[in-house]
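Subject: Structure for you to look at

Hello,

Here is the structure I said I would pass on. Please open it beside this message and follow along.

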Amino acid sequence: MKRTKEWMSLSALLVLTLLAACERREAEPAPAGALPEVTGKEVTGKLLGPQPGPDRPIPKANNPFPMEQNVLTEGRRLFVWYNCYGCHGGRAGGGMGPSLRDETWLYGGKDQDIYNSIAEGRPHGMPAWGPKLPQEQIWKLTAYIQSLGTPLEPKKPPENPVMPTTGS
Amino acid sequence: MRAMYSTVFAAMLLSAFASAQGPVEFVTAEGSEMRIPRTDAAGPVGKWWLPALDSANSRYSQLDQINAGNVTRLESVSNWSTGINRGHEGQPLVVDDTMYVVTPFPNFLLAFDISKPGFALKWKYDPAPDPTAVGKACCDVVNRGASYADGKIVYNTLDNHVVAVNAQTGKEIWKTKVGNVNEGMTLTMAPLIVKDKVITGNSGAELGVRGWVKGLDLDTGEVVWTAYNTGPDEETLMANPNFKPFYPKDQGKDLGVKTWPPEQWQLGGSTVWGWISYDPELDLFYYGTGNPGVWNPDMRPGDNKWSISIIARDPDTGEARWAYQLVPHDAWDYDEIMENILVDMPWNGEMRKLLIHPGRTGFVFVLDRETGQLLSAEKFHPPTNWATGYDLDTGLPQIDESKRTHMGQTTYDICPSSTGAKEVFPSAVSPRTGLLYIPAHNFCMNYGAIEANYIAGTPYLGADVLMYPGPGENRGELIAWDPIQAKQVWGIKEKYPLQSGVLATAGDLVFYGTTDGWFKAADARSGEVLWKFKVSSGIVSNPMTFTGSDGRQYVAVYAGIGGWVGANAFDLISASDPTAALGTTGAAADLKQVTTAGSTVYVFALPESAAQADTEAAAGETVAAQAQ
Amino acid sequence: MKTLENLFDFPFNIFDPAGVQAGWLANLGWVLVVLMSVLIIGMAVLVVWGALRRRGRLEEHMPIDVDGGKGWILWGGVALPVTVLTSLFVVTVVTLNMLPGDREEPALAVKVTAHQWWWEVDYLYDDLPQRFSTANEIHIPVGQPVRIELISSDVIHSFWIPKLHGKIDAIPGHTNALIVEAEEPGVYRGECAEYCGVQHAHMRFVVVAQPPEEYQAWAARQREPAAPVTDPKLVKGREAFEGYACALCHSIRGTKARGQVAPDLTHFASRMTIGGIMPNTRARLQAWIVNAQALKPGVRMPTLEEFDGETLNALAAYLESLE
């Protein structure tokens with residue numbers, strides 16, 4: 001009898017927590033949806049990808065997170081935490097994978113493009129992180145990548161001993 | 001001009017090992033007592049069948065048509081673009097009238113007919129590797145070459161296949177998958193054919209891969225044995241009673257487990273991405289192992305066996321005979337996968353079977369290759385400061401603990417850097433001088449060990465490394481080293497890091513290339529650069545030489561910058577992040593200013609008239625010698 | 001009705017020590033409290049006495065005796081403070097000198113790494129394969145000195161088990177060491193005592209002091225990799241753990257999950273708490289998996305929305321099976 005009660009109250013707690021989570025999600029701006037009417041994860045991978053032709057009129061979502069110090073340092077932490085730095089360089093200057101701090105974007109440089117590259121993966125070794133990482137973390141990584149080479153960049157690289165004061 | 005064959009004496013017949021590999025001959029020369037064991041497996045004089053010419057890894061060719069007297073007339077006779085603008089490591093093979101070139105990923109095998117002018121392409125074999133492998137290779141998508149035996153060209157593809165291709169037709173004979181690219185494993189090294197086995201090893205210690213060597217059947221491609229470099233003795237094939245490491249520190253049961261925290265050995269690196277040597281008399285093959293898994297040393301307390309070790313094994317069974325760990329509990333990523341050069345030399349008055357290992361750690365190690373005893377370990381790279389020397393009684397390095405890296409700290413001014421006092425690019429020896437020619441480079445580093453995370457198929461580092469040029473104006477130096485006296489005889493300083501192999505010839509020349517794209521020939525005795533030629537891209541390959549069907553001696557080299565250090569020339573790496581490319585950008589970003597990606601196979605020879613004259617003169621001399 | 005003893009029985013009471021080191025600190029504390037109390041009471045009495053002794057207006061006492069009371073100043077203002085402070089200094093130095101513990105080899109060494117906002121605990125056995133790792137829970141044998149090596153992976157934290165030891169800072173890149181020796185079995189609360197970020201207040205841990213044989217049994221169990229599962233539901237749970245975000249950060253030895261930046265969950269079910277903050281029960285676990293941010297806002301564990309009910313159920317069941 002007592003046990004049942006305990007279970008009931010705990011289940012209620014769980015349900016409430018889940019509900020709270022759902023509400024929270026609805027309150028957020030639609031993050032991943034490139035097409036206005038579609039939101040959620042299923043978009044990435046099906047409808048999006050590198051788009052041919054100039055200026056395809058596909059609306060691209062902006063990062064729901066602002067370029068603020070706490071978001072960027074969190075993005076930097078995730079960049080190290082998920083081993084991105086191993087391929088893309090200690091400060092994202094490249095290595096096994098391409099530099100993310102130069103002018104070149106192989107798959108687009110808008111927030112949504114970067115998000116998609118992380119979420120869907122790219123040929124030649126970039127894993128698809130979308131099925132594993134929460135969207136919020138991918139957006140924070142996106143913010144960090146956008147900050148590279150700007151005054152906002154957290155943990156800036158030191159000067160290069162053999163090629164000082166060059167750009168990218 | 002003395003005919004080369006007169007310098008080759010003593011052909012010893014050792015019937016016990018003669019069956020598959022042919023009798024053991026010793027290549028010797030006037031000038032030193034060094035002798036190089038060589039069998040028919042190296043091919044006839046003037047051909048090049050194995051990655052380092054012979055299984056002793058000598059890279060010493062008996063050809064002497066091109067010599068110190070005429071090298072200034074050397075000219076380019078052919079150059080071919082492979083079409084793949086990535087790091088061209090390794091070297092071509094020459095069998096009969098065909099030259100074989102393995103390209104970087106996608107690992108084409110190109111066969112050129114050297115009897116045709118300009119070396120016409122005969123065929124191209126495409127193994128169609130999985131492109132995922134590109135993103136799993138730590139240090140560019142290189143390939144270090146192929147081996148030839150029994151009508152087959154055998155090589156590794158980046159996506160973990162060993163392939164055997166019919167040397168005549170270019171048709172695939174077998175293709176064996178030996179690893180999973182999604183776990184971060186790749187193959188970059190050149191397999192060595194030993195008797196009826198293909199010995200191959202894996203890469204990927206930067207991704208938490210567990211290192212191994214495998215023996216494959218040359219006829220079928222079937223994996224006959226697998227010997228891991230970490231884990232229990234049953235899997236490292238060290239459980240046999242004949243496994244007798246020389247030093248007490250290397251003796252004991254299951255050291256591949258007991259010197260690691262629980263299960264860390266499964267991610268323990270210790271891969272085999274360098275060179276394999278084989279001694280036909282002792283019937284043992286030798287290789288060095290790479291760094292222990294995860295660069296952050298505090299995450300793997302213990303000696304971390306058998307990382308950074310030299311291991312001797314039986315090629316038929318893979319069973320270990322001895323092992324010697326050069327650096328216990330590495331804290332600097334000093335992979336010791338370097339070439340082990342097998343020569344016999346007098347040591348304290350007694351002829352001994354030596355194994356010479358010019359190390360990434362900045363030391364030249366000389367071991368007795370029968371027992372694994374360390375005979376000498378001396379610094380060839382003066383700035384080396386992680387250790388002051390080696391204790392020959394215990395086999396342990398005398399480490400400067402202030403240079404040991406730890407989690408949460410940056411340790412400054414460690415020399416050499418993780419790329420080593422020399423990289424994987426192999427040295428050569430010459431019995432004419434008794435010297436070892438080491439392509440050295442000169443970087444130091446600041447190494448911060450940070451928290452690491454293992455996610456299968458992604459880098460497993462835990463280090464924030466910044467490399468920078470070491471003391472002095474030169475980032476590279478070709479060092480001629482006397483292995484007996486353990487001292488430098490001469491050096492050629494290079495401004496840019498030296499990342500090419502060395503070729504020594506009986507013409508008393510050493511050939512090497514620079515990362516800014518100069519192919520050079522130097523006098524093997526004085527170190528004077530006699531000839532140089534500007535090629536299309538930085539050189540990270542190993543020069544080789546052969547005799548063509550027209551009787552001329554040719555020298556071939558690839559021009560195609562790349563590899564760990566060389567990749568800094570590529571656009572995909574930004575100079576503004578000196579910690580990029582695993583820390584090398586801080587020491588090599590300016591390669592962008594002196595070279596760009598390339599993909600050319602260069603072949604050089606003397607002008608036909610000169611070669612003719614030279615051959616006739618030599619022939620005349622032989623006739624004269626016979627007449628006497 | 002609370003007895004006097006119960007009144008003192010709260011987890012952060014430094015005057016109710018359960019360990020040798022905390023005992024010394026408690027003694028020092030008592031000395032200070034008693035001595036200071038005596039002094040304060042003495043001072044108060046003197047002030048009152050002085051106030052009572054000279055009543056009336058200022059003019060009545062003119063001229064003031066300027067030379068009077070020098071003895072008070074010399075004895076009460078110089079000699080007494082010098083004596084008291086010197087003896088306190090000696091007592092404190094003697095106690096602090098004892099704190100690093102007896103120089104004998106401790107029975108056990110444990111490395112505690114402070115992270116935002118949890119404690120990683122690595123058992124440092126000399127025989128490396130004997131080592132294992134837990135989180136937010138330190139088990140020690142009663143009656144044996146245990147050396148704790150303390151370090152931080154990010155910012156400065158402070159390691160504090162009030163009933164066993166005083167506070168010691170955990171500093172990135174620098175190892176501090178302390179020795180604790182519990183005298184009675186029990187579960188002792190620990191806290192981070194240096195502000196270290198948003199979840200500082202929830203950066204808790206427990207120390208479980210057990211009789212040595214019980215401790216050995218626990219350690220032997222912890223050393224084992226996770227037992228293989230056969231029940232389809234548990235298999236589904238394990239696969240979910242390996243296949244979704246979990247394995248990117250957590251490890252379960254014996255499975256493919258080898259993440260190393262979050263607590264090792266090999267024997268999660270044997271732990272008393274989730275996230276150091278709440279009892280380890282099934283319902284709370286499911287809530288934690290789905291929305292840890294609601295329970296410990298700012299925690300590195302992200303909100304995970306990818307699980308359907310069945311998968312979540314299987315995942316939680318699997319984790320609860322990791323005894």
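Predicted model: local features only at pLDDT ≥ 70, side-chain atom pairs only at ≥ 80, totals over all residues.

Residues are numbered from 1 along each chain as its sequence is written, and chains are lettered from A and ligands numbered from 1 in the order in which they are written.

Chains A and B

Between these chains, 33 residues of chain A are in contact with 35 residues of chain B (contact: C-beta atoms, placed from the backbone, lie within 7 Å). The side of chain A that touches chain B has 14 nonpolar, 16 polar and three charged residues. Here Ala, Val, Leu, Ile, Met, Phe, Trp, Tyr, Cys and Pro count as nonpolar, Asp, Glu, Lys and Arg as charged, and the others, Gly among them, as polar.

A helix pair in chain A

Helices (H or I, at least four residues) and strands (E, at least two) are DSSP runs, numbered from the N terminus. In chain A, helix 4 (residues 111–120) and helix 5 (residues 135–147) have axes that come within 9 Å and cross at roughly 120°. Axes are lines fitted to C-alpha atoms, for helices over the stretch in contact, and angles run from 0 to 180 degrees between N-to-C directions. Helix 4 and helix 5 of chain A are therefore oblique to each other (under 35 degrees is roughly parallel, over 145 roughly antiparallel, 65 to 115 roughly perpendicular, the rest oblique). Helix 4 of chain A contributes Asp111(A), Ile114(A), Tyr115(A), Ile118(A) and Ala119(A) to the contact, and residues from helix 5 of chain A include Trp139(A) and Leu141(A). By class, this contact has eight nonpolar, two polar and one charged residues.

Chain C

The domain assignment, which is automatic or from a database, gives chain C domain 1 (4–98), domain 2 (108–222) and domain 3 (232–320). The C-alpha centres of domain 1 and domain 2 of chain C lie 36 Å apart. In chain C, 12 residues of domain 1 are in contact with 14 residues of domain 2.

Chain C also has an open sheet of five strands in the order 3-2-1-5-8, with mixed pairing (strands pair if DSSP finds at least two bridges between them). Strand 3 (132–135) and strand 8 (176–180) of chain C are at the edges with a single partner strand each, so one side of each is left without a neighbour in the sheet. Strand 1 (residues 108–115) and strand 2 (residues 118–123) of chain C pair in the antiparallel sense over six bridges. Val110(C) has Tyr123(C), in strand 2 of chain C, as its bridge partner.

Regards

Conventions: Contact = placed C-beta atoms within 7 Å.
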